[in-house]
Amino acid sequence: MDGPAPVMLAGRPVAPLALGTWQWGDRFVWGYGRGYTDRDLRDAFQASVAAGVGVVDTAEVYGLGYAERLLGALARETGAPLVIVTKCFPFPWRIGRWGLRLALARSLRRLGMPAVDVYMMHWPFGPVAIETWMDAMADAVEAGLVRAVGVSNYSVAQMRRAQAALARRGVRLACVQVKLNLLERDALRSGLVETCLAEGIAVMAYSPLAMGVLTGTYTPDRPPPGWRGRRYAPLLARARPLVDVVREIASSRGVSMAQVALAWVMAKGAIAVAGAKTGRQAADNAQALRWSLRPDEVRVLDDAWA
């Protein structure tokens, strides 16, 4: 079976699947330490790298810095040529360009790296203007600390402002990260994905499995635990027809439901940023790189959720 074509990120061709690290050290949402440990995360990382996943996505706020520290240690152990993506959170006390520079320095220290492949602004929150943050990003590029710049959770208009501010400094906006999955399609409806792809800006889609809802693990009577359950429980009953379609395609293709959900995101031209708590989950996710949905299957999935 033919898999999806590589995409360009930070000047390198990469498989359109990234390992996400939100779960690494996060106790509130994901329950780190209750059901999975660092050994499991190490297995997930190693399984991903072995399967050809070359992008790892993290952020300073994941596990309050723990995800960056663990990722840095694992990356040094393997020596694999990875594209590392991390993010700066626009805390309200970070005023001015130096706020980003200090955050970047701390991220690089936790990662144990002299530079990061892709540095993103995590959210477009104020009070600091988008243009100010992008000037700080350009400063970091000129200093050799960042190889490519991205933004996350930006609208089309906000992305345009970031793009223009970077262009004034001779820096290209390399990628945009959005929430995108079969249940949450705002980035498609708004035209953001289409706009980025038309201009050669890579799209990274986080939560491609809707925090586990699209894997078939959960039902209206058995929602995800904790915060995830409160977030997605109202959708579970409505999503049953869509989940049934995902299950039917998975059965007919001899793949998992998670792979179908990931394949749909990749069919939209995006890099699917899939988290994994165990080596088994990571290896199964990576199998989505070995095959692709047919156009008729994509249309069925498109039509199964309004």
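Let's begin at Ser207, which counts as buried because its relative accessibility is 12%, under the 20% cut-off. You will find Ser207 in the loop between strand 9 (202-206) and helix 8 (226-238). Its phi is near 55°, a positive value in a residue other than glycine. Most residues other than glycine have a negative phi, and most peptide bonds are trans. Keep in mind as you look around that this is a predicted model.

Leu64 sits in the loop between strand 4 and helix 2. Is Leu64 buried or exposed? Leu64 is exposed, because its relative accessible area is 76% and the cut-off for that word is over 50%. Another feature to look for is the peptide bond between Gly126 and Pro127, which is cis, with omega at about 10°. Pro127 belongs to the loop between strand 6 (116-121) and helix 4 (130-142).

Let's return to the loop between strand 4 and helix 2, where Thr58 is also placed. Thr58 is buried, with a relative accessible area of 0%. What joins the side chains of Thr58 and Thr21? The answer is a polar contact of 2.9 Å. If we leave aside neighbours within four places in sequence, Thr58 is in contact with Thr21, Ala67, Glu68, Leu71, Val85, Thr86 and Lys87.

Now for the aromatic rings. A pair of aromatic rings is described by the distance of the centres and the angle of the planes. How many aromatic pairs does a search of the whole structure find? The search finds eight. One of the pairs is formed by Trp22 and Tyr62, with 6.4 Å from centre to centre and 25° between the planes, and this pair is stacked. Trp22 lies in the loop between strand 3 (17-20) and helix 1 (38-50), while Tyr62 lies in the loop between strand 4 (55-57) and helix 2 (66-78), so the pair ties together parts that are 40 residues apart in sequence. Trp22 is partly exposed, with a relative accessible area of 26%, whereas Tyr62, at 9% relative accessibility, counts as buried.

Tyr32 and Tyr66 make another pair, with ring centres 5.7 Å apart and planes at 45°, so this pair is tilted. Tyr32 is in the loop between strand 3 and helix 1 and Tyr66 is in helix 2, so to speak of the pair is to speak of distant parts of the chain, 34 residues apart. Tyr32 is buried, with a relative accessible area of 10%, while Tyr66 counts as partly exposed at 23% relative accessibility. Elsewhere, Phe89, Phe91, Trp93, Trp123 and Phe125 form one aromatic cluster.

Our next stop is Val149, in strand 7 (residues 146-152). At 0% relative accessibility, Val149 counts as buried. Which residues does Val149 touch, not counting residues up to four places away in sequence? They are Tyr119, Met134, Met137, Val141, Leu166, Val171, Arg172, Leu173, Ala174 and Cys175.

We finish with a pair of helices. Two packed helices are described by the angle between their axes and the distance between the axes. Helix 10 (residues 257-267) packs against helix 12 (residues 295-303) at an angle of about 100°, and their axes are 11 Å apart. That angle makes helix 10 roughly perpendicular to helix 12, because the range for this description is 65 to 115 degrees. Val260, Trp264 and Ala267 of helix 10 make the contact with Val298, Leu301 and Asp302 of helix 12. Sorted by class, the residues of this contact are five nonpolar, no polar and one charged.

How much of helix 10 is buried? Helix 10 is mostly covered, with 10 of its 11 residues buried. Among them are Val260 and Trp264, which also take part in the contact with helix 12. Just after helix 10 comes Gly269, which takes a positive phi of about 95°.

Terms used: Residues numbered from 1 in each chain as written. Predicted model: local features only at pLDDT ≥ 70, side-chain atom pairs only at ≥ 80, totals over all residues. Heavy atoms only, no water. Axes fitted to C-alpha atoms, helices over the stretch in contact; angles between N-to-C directions. Helix = DSSP H or I, 4+ residues; strand = E, 2+ residues; numbered from the N terminus. Parallel < 35°, antiparallel > 145°, perpendicular 65-115°, else oblique. Contact = heavy atoms within 4.5 Å. Nonpolar A, V, L, I, M, F, W, Y, C, P; charged D, E, K, R; others polar. Phe/Tyr/Trp six-rings, centres within 6.5 Å; stacked < 30°, edge-to-face > 60°. Buried < 20%, exposed > 50% of the residue type's maximum accessible area, 1.4 Å probe, protein only. Polar contact = N/O pair within 3.5 Å; in protein donor to acceptor, adjacent residues only side chain to side chain.
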